[in-house]
Amino acid sequence: MSVTTAIPTAAKGDSPARRALRRFLRHRLAVLGLIVITIFVAGAVLAPWIAPYDPVATSWSRIRKPPSELHWFGTDENGRDVLSRVLWGARASLMAGALSVTAALLIGVPFGLLAGLTGGWVDTIISRFTDAMLSVPFLILAIALAAFLGPALENAMLAIAISASPIFVRLARGMAMEAKATEWVEAARSLGNPPWRIALVHVLPNIVPPLLVQATLAIAEAIIAEASLSFLGLGQQPPNPSWGSMLNAAQRFLTQAPWMAIYPGLAIFLVVLAFNLFGDGLRDALDPRARGR
Amino acid sequence: MGWSASRACGCNSVMWGWLLRRLGQIIPTLLILSVLIFALQQLMPGDPAIIMAGEERGDPQVLAEIRAELMLDRPIWEQYAAWLWRLLHGDLGFSWRIRQPVGSLILEKLPVTLQLGGMAFLIAIAIGIPAGIVSAAFRDRPADWAANAVALAGISTPNFWLGIMMILLFSVELGWLPPSGYVPLSQDWRQSLATTIMPAFVLGTGIAGVFMRHTRAAMIGALSQDYVRTARAKGLPERVVIGRHALRNALVPVVTLATIELGRLLAGAVLTEQIFSIPGFGKLIVDAVFNRDYPVVQGVVVVTALIFVTLSLIGDLLYMAINPRLRAA
């Protein structure tokens, strides 16, 4: 990559958003990531129409058939079509990724803003809470929470959301403290704006870009976490398909039906890779300071 | 992080002050953590006494005895105080299923995971750090792109899937390695290595990508410094400039990161041990989850958090120890 284009000359009427878009589009891998994500989202949304078979319909005459014209990805131990289950499974994975990260943002950002803007003992309490949660590795916290909440996809999503939220608290807190020290917030405060208005109107919009980048990367982690929890039987419950639970079943038939393990795992890998590529590109586009790192 | 203020000074009192402040943060953090872990119990659906009674759940007298033993008939704060008191004395409770103290269960399983984690850590360092150095030295050239692509793939691969794929290739197809099981080092070191090399590799590759990215970033930062330019101007060979001048400085942040990643290996071990049927710490929590053996789940979380907090403290101390700018004058 050439460095000479690092500072694009802004044409008249060139908004920051448009400049960011241009920087993003120059990042070919990030665009590729976005395309892959779009394909997966389309597959998940259109699953009822494009899946060739019913994802839960069993067929005793078609147990563990290798990939063929009829079943592109083969069939599983109950004669269900693996392709159809991968397509329907995308729903569980993408929904878990998007919803749990949205929930983590909704939990984390307000607390982070509160801590960063008020300071004092409120900040101390929120920060120690965050430290406490971050001292348990993400996946172990999610497993423990999901175990105590009981096995269900909704509970797994809640567990992931709670486990992912401290990162957003920390990020929002740091950015809020930075913003608090700037002149525009100082000016807004001296004009007599109430604290909530300063938080929402003056601070939040400025911290959206880094939050967006972090959220994209968190979706990648959340998708792996959902797959892990479902793999352990703590997420999506049978017979409903999820990539993690499909891998769990596949492990028992590795010698006879390796295709059962290959395709759901490949789906997780591709979608997580796509979110990571997309997030990296987004960081370059939205946060010029982090460029070239 | 708190080191930035003390960095410029390099005097002893600042270092000690920082250390005291750091410890002052850890204690409330651990207290809050204990409340959170205790609170997990309250999320539990159903009556713990019924779960614990098992087949005798119909007998009201048994239920009453269990409730009294678990202090379920006491106010919640009293339950917490008693739980914390026992915890501070190293008592992690009693497994509901295996009928053994949780502490001894964990102590029994931990060495297995330490062996696995240690091997994975070595693999991650052996791959990640050289790859990061090469990547930074050949920045924006094919070697860099290749290293970045491999690192990204490593980070994006769910390690349980990689484990399944490796079993498929090396055990099912090629028949080189046992697909699962574990032999202790003390019993037969060859067999022990054969049973742990695949899981260690699976566990290590995920972090290798993280190491590679951080080493690369730190090396790129170091290579742009004045002292590197001076070293080059003196006519030193590039090998010496990179190996002796840039690398020493670049590795400082990587060491801190390494200790944190070492803690994260514990989380990775959960699924990896499950895939390869290795009877370690990770499999312990999974089995406990399946058996609804809640004290074990809690105990594992407590121990993980303690290890994690200790490691990050060691990371900070190492950072101070190896960073000449922070060393006492």
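Helices are taken here as DSSP runs of at least four residues, numbered from the N terminus. The structure described below is a predicted model.

Chain A has 11 helices and 0 strands. Along the principal axes, the C-alpha atoms of chain A fill a box of roughly 75 × 50 × 30 Å. Chain A comprises 293 residues, of which 51% count as buried. Among contacts in chain A with a separation of 6 or more, 71% are between residues 24 or more positions apart. The average pLDDT of chain A is 84, and 93% of the residues score at least 70.

The largest nonpolar core has 173 residues. A:Ala142 and A:Ile143 are the residues with the most contacts inside this core. Neighbours within four places in sequence set aside, the contacts of A:Ala142 are A:Ala159, A:Ile160, A:Ser163, A:Ala225 and A:Leu229. A:Ala159, one of these, belongs to helix α7 of chain A, which covers residues 153-180. A:Ala159 counts as buried because it has 26 C-beta neighbours inside 10 Å, the cut-off being 20 or more. With neighbours within four places in sequence again left out, A:Ala159 is in contact with A:Ala142, A:Leu145, A:Ala146 and A:Leu149. A:Gly174 is 15 residues from A:Ala159 in sequence, and the two C-alpha atoms are 24 Å apart in space.

A cis peptide bond is present between A:Pro238 and A:Pro239, with omega about 5°. A:Pro239 is located in the loop between α9 and α10 of chain A.

The contact between the chains involves 37 residues from chain A and 41 residues from chain B. On the side of chain A that touches chain B, at least two residues each come from α5 (120-134), α6 (138-149), α9 (195-231), α10 (243-251) and α11 (259-286) of chain A. The most is given by α6(A), with 8 residues. By class, the residues on this side of chain A are 27 nonpolar, 7 polar and 3 charged.

In chain B, helix α11 spans residues 238-275 and helix α12 spans residues 281-290. The axes of these two helices come within 7 Å and cross at roughly 70°. α11(B) and α12(B) are therefore roughly perpendicular to each other, as angles of 65 to 115 degrees are classed in this way. On the α11(B) side, the residues that meet α12(B) are B:Leu266, B:Ala269, B:Val270, B:Thr272, B:Glu273 and B:Gln274. Their counterparts in α12(B) are B:Phe281, B:Gly282, B:Lys283, B:Ile285 and B:Val286. This contact of α11(B) with α12(B) is made up of 6 nonpolar, 3 polar and 2 charged residues.

α12(B) is mostly covered, with 8 of its 10 residues buried. The buried residues are B:Phe281, B:Gly282, B:Lys283, B:Leu284, B:Ile285, B:Val286, B:Ala288 and B:Val289. The elements that cover the buried residues of α12(B) include α6, α11 and α13 (294-322) of chain B, together with α6 of chain A. The helix α6(A) is also the one that gives the most to the side of chain A that touches chain B.

Positive phi values occur in chain B at residues including B:Ser277, B:Arg292 and B:Asp140. B:Ser277, which is not a glycine, has a phi near 50°. B:Ser277 lies in the loop between α11 and α12 of chain B. With 14 other C-beta atoms within 10 Å, B:Ser277 is partly exposed. B:Arg292 follows α12(B) and has a positive phi, near 50°. B:Asp140 has a positive phi of about 60° and is likewise not a glycine. The loop that holds B:Asp140 is the one between α6 (102-137) and α7 (142-156) of chain B. B:Asp140 is exposed, because 12 other C-beta atoms lie within 10 Å and the limit for an exposed residue is 12 or fewer.

Key. Residues are numbered from 1 along each chain as its sequence is written. Chains are lettered from A and ligands numbered from 1 in the order in which they are written. This is a predicted model: local features need pLDDT of at least 70, side-chain atom pairs count only at pLDDT 80 or more; totals for chains, interfaces and linings use all residues. Two residues are in contact if their C-beta atoms, placed from the backbone, lie within 7 Å. Ala, Val, Leu, Ile, Met, Phe, Trp, Tyr, Cys and Pro count as nonpolar, Asp, Glu, Lys and Arg as charged, and the others, Gly among them, as polar. Axes are lines fitted to C-alpha atoms, for helices over the stretch in contact, and angles run from 0 to 180 degrees between N-to-C directions. Angles under 35 degrees count as roughly parallel, over 145 as roughly antiparallel, 65 to 115 as roughly perpendicular and the rest as oblique. pLDDT is the predictor's confidence in each residue, from 0 to 100. A nonpolar core is a set of buried Ala, Val, Leu, Ile, Met, Phe, Trp, Tyr and Cys residues joined through C-beta atoms within 7 Å.
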